[in-house]
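Biologist: Could you walk me through this structure before we talk about any details?
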Amino acid sequence: MPTPLQAIMFDVDGVLLDSLPQHLQICIDKAREYGLGGLAVPDAEGMRRKIAGGLRVSPMRNFFLAVGFPPAQADRAVVDYEREFVQSYRPQAFAGIGPMLARLRDAGCTLGLVTANTRSNVEPALGAALELFDPRCRFYFDSFAVARSKAWCLQESARVLDVALADCAYVGDQPADIEAAEVSRMRFLGVTFGWGLTRATHGGVALVDSVDAIAPALLES
């Protein structure tokens, strides 16, 4: 039987924050602002299907490219995104996130964040729930002068906590998150209510369909 988990790292967008609609909306707004009249931004369900099929959308430049922005406009949009997103498009946390995280922490698990989003976007949106995450294990896209991969951040979280990788888990919502967990040799739990994991396309992966199911799945694994 696997040993009990000692640390759990969380992706943010699509796992803790219901943020896909807001990311698509800023794409729509920027396409209009930049005069990209022929660009058709998919709706949320269409984007989820693309991501489930392997489309890479992290970090944010890849998201703009994925919906059809030319490279120069994608670079421009990233600058605007970093300045405007938290003020004009701030997403809400999924219902039940706080109690779920508190249950995991009270069970003795150290909690961390490994996300391709920036600190300035993540921390205000998480609000009081941010305090449930160990400050040593909050990894953002802009935590380092040169961006680190999610796999590197997962491995670093285990190192700073001095726990075995096999006793850690990563909770994510994209195929790239599965890959990061595999590379880092951590356990993985996927959520189907996020950006790009479905039971139809990822049937061999441990998945849950609601926030309420996350803690039981992790504590009983």
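Modeller: Let me begin with a term: a residue is buried when its relative accessible area is under 20%, exposed when it is over 50%, and partly exposed in between, using a 1.4 Å probe and protein chains only. Helices (H or I, at least four residues) and strands (E, at least two) are DSSP runs, numbered from the N terminus. This is a predicted model, in which local features need pLDDT of at least 70, side-chain atom pairs count only at pLDDT 80 or more, and totals for chains, interfaces and linings use all residues. Residues are numbered from 1 along each chain as its sequence is written, and side-chain values use heavy atoms, with hydrogens and water left out.

Biologist: Which residues of helix H6 are buried?
Modeller: In helix H6, which covers residues 119–126, the buried ones are Asn-121, Val-122, Ala-125 and Leu-126. They line one face of the helix, because they fall within an arc of 105 degrees seen down the axis of H6, the arc being that of the directions from the helix axis to the C-beta atoms.

Biologist: And what do the buried residues of H6 pack against?
Modeller: They pack against strand S2 (17–18), helix H4 (71–88) and strand S4 (110–114), where contact means heavy atoms within 4.5 Å.

Biologist: New topic: where is Asp-162 found?
Modeller: Asp-162 is in the loop between helix H7 (150–161) and strand S6 (168–172), and it has a positive phi of about 60 degrees although it is not a glycine.

Biologist: Is Asp-162 buried or exposed?
Modeller: Asp-162 is exposed, with a relative accessible area of 70%.
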